[in-house]
Every structure is written in C-alpha cells, then in structure tokens.
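Me: Please take a close look at the salt bridges of this model, and describe the partners and their surroundings in one connected account.

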Amino acid sequence: MDETVRYTYRLRPGATARATLLAEWGRCRWLWNEAVHQHKTGRRPTFGKLSKLLTGARARSSWLWEGSQVAQQQTLRTYALALQHSFRVKGRGGPSADGAIGVDWGVTTTATTTDPAYDLPYLGHRKRCAAELARLQRRMARRRRAKGVKPSNGYLRARRQAARVARRAARQNAHDARVWAKKVVDNHATIAIEDFKPTFLARSRMARKAADAAIGAAKRELINRGTRAGRKVVLVPPAYTTMTCSQCGTRAKHRLGLGVRVFRCDTCGHTACRDRNAARVILTMAERDRAGADDVRHAITSFRDGARVRSEPEIPRLPAMGRRYQTTSRAGIGKTSRPPQCRT
C-alpha cells in the first residue's frame, strides 16, 4: 500500500528573485487592464482573440517578450473565465417581483413602509454595547499618559478593545440592513425611498439614537441592492410628506411636531400613523412620475406642482426653494452584472 506524504514549504525569495516576480506581476497586471479596455470599447474579446493580441504585442514589445509567456497566457485565461462568470451568475438581478413600496425613515422605527411586514424596527445594537464601551473608555482615561509621552500597553489594549466593541455594533447594523434590503428588493419592482439626510440629527437630542439606528447605512444598502437587481428606485425629497394626506392629497397648514404620532386630515377625516402616511405619500409621488427612464431617479414631491425628474448619480443635489425646483434629466442604463474591473 502506497503512502502519501505531504510537505509544506515556505519560500523566502531574495532581492533578485523578488524584483523578477514584481516585474512579472507588472506585465500580468498590464495585460489584465488591456483586456478590460478591450471589453469596455465594445470589442467583446474572447480568449482566442486575446491570445492573438498577446502574440502580436510580444513581437512588438521587448518588455513583454522578456516575461514568461505561460504566466501571461494564464492571466488572459483567468480574465476570460472571470468575464464569462460575471454574466452567468445564478440568480443575478434577483427574482422577478411585482408591486411597489414606499419607505419613510425615522428614529423610533428606522424604516416605516407602506406594508407593515417590511418595517425595519430600531434594534439598538450600540445601546446594548454602551455599558461595555463606557467601561473600556473609563479604563482608557485612567491609563492615559501626558501628551507627548508614549502610551502604555494597557492603554493601547483598552483602546483596541473599545474599537472592537464599536465595530461589532456597526457590523450588526450592517447585517440587519442587508437582510432587510434583500427582503424589500426581492418582493417589489418599484421602491420609493425618502431622500432623508440624517446629518442634522447629530445636532439634536436624538443624536445618539439616530447614530444607533444607522439610517444612512440602511438607505445606501437599499439603493445599491435595488439598482443591482434592476428595480425602479426613486428618491423622493422629504418636503411636505408628513403634512400631506395620502388619501385626498390635501396639505396641512401647520407642521406636525415630533410628539404628534398620528396624522389626521381635516378635509377628508383620514387618520393613520404619521410615518405610515408619509410612506404612502412617498409612494404616490413615485407612481405619479411618468417622465424619466433612469434606474435611480429623483422625483419632486408635490401634489400641486408638476413632477420632474433628474438623474441621481451624475448630477449634484439642488437646494429646494419653496415649491419650485430646478431639475435636469439624463438618460442612464442600469446593468445587472459587473464585468471584471481594472487592477491597480
């Protein structure tokens, strides 16, 4: 009976071998970026075409000719395989879905939607870690040395532990946002999102809870997943969404305070949860828009003014002035898969 013996080796190249390997890596990287350029220019290169181009390039360039042809061919073979897989990933683009949903951001409930089954509750991961983080920060304060003096090992250890606790809470928020965004995107073809900027909350009493809710992370994750899945993602400015009735479209004369959690319409008598009513208004504004073709668009929310659209990624945000907004539109094409990118 034959016995198979395996040995593990660790290579430590010298200065000459290291320089040779780096030079070879530079040639392979140049070939990869050249293949990406061929694809972006619309030539649709295959492995056979790239091999012919490599043969001609090695004949013209002594720099490529000095390198290993086997490594260069393997680089092109790997690129062709990556290019093939980038457009044949199973489930890319997400399952087909119908229906629409509106999303309103908040602090008590991180995301309130038109369907209560898709709400994202406030989970308070940082709040649960607050006691442990405060204990570590007090330990850092006790071990802090004077300015200009090298910090002690105990201080550095406490700082690393505090950073680990903060990262754990951030990862929990990111995980919850990914799970929730996937659930929303997989079951809705149109997603109307309140274009909410939580930066002003940092100057209010709700700063700590708003940071714990991680509204910005959830918003980015929902937009990215919806765009990649080919869904219609509409960013709706939050102006007057809380003051407008989702049934009759009448706008209230006075702003609702944060303590008022129930919306009541004086015209039609409609009564609903404040955030739920705002989510329905946001969805109504997205459905009223018929003038654009971009995947990620910016709809102007006003029942009384005409809706206009502008492309979100390319054009900077314009400040809103009253009921009139200056908008621009630019056609864009969404892609459900990404080819290999350039290497640096």
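Reply: The side chains of Arg 261 and Asp 275 meet in a salt bridge at 3.0 Å, N to O; the term denotes a side-chain nitrogen of Lys or Arg within 4 Å of a carboxyl oxygen of Asp or Glu. Arg 261 lies in the loop between β5 and β6 (262-264) and Asp 275 in helix α10 (residues 274-288), so the pair ties together parts that are 14 residues apart in sequence. Helices (H or I, at least four residues) and strands (E, at least two) are DSSP runs, numbered from the N terminus. This is a predicted model, in which local features need pLDDT of at least 70 and side-chain atom pairs count only at pLDDT 80 or more, while totals for chains, interfaces and linings use all residues. Residues are numbered from 1 along each chain as its sequence is written, and side-chain values use heavy atoms, with hydrogens and water left out.

Arg 261 is partly exposed, with a relative accessible area of 36%, whereas Asp 275 is buried at 12%; buried means under 20% relative accessible area, exposed over 50%, and partly exposed in between (1.4 Å probe, protein chains only).

A search of the whole structure finds eight salt bridges. Among them, Glu 24 and Arg 27 meet at 3.4 Å, N to O. Being three residues apart in helix α1 (residues 15-40), these two are separated by about one helical turn. Arg 27 also meets Glu 66, at 3.8 Å, N to O. Arg 27 counts as buried at 7% relative accessibility, whereas Glu 66 is exposed at 55%.
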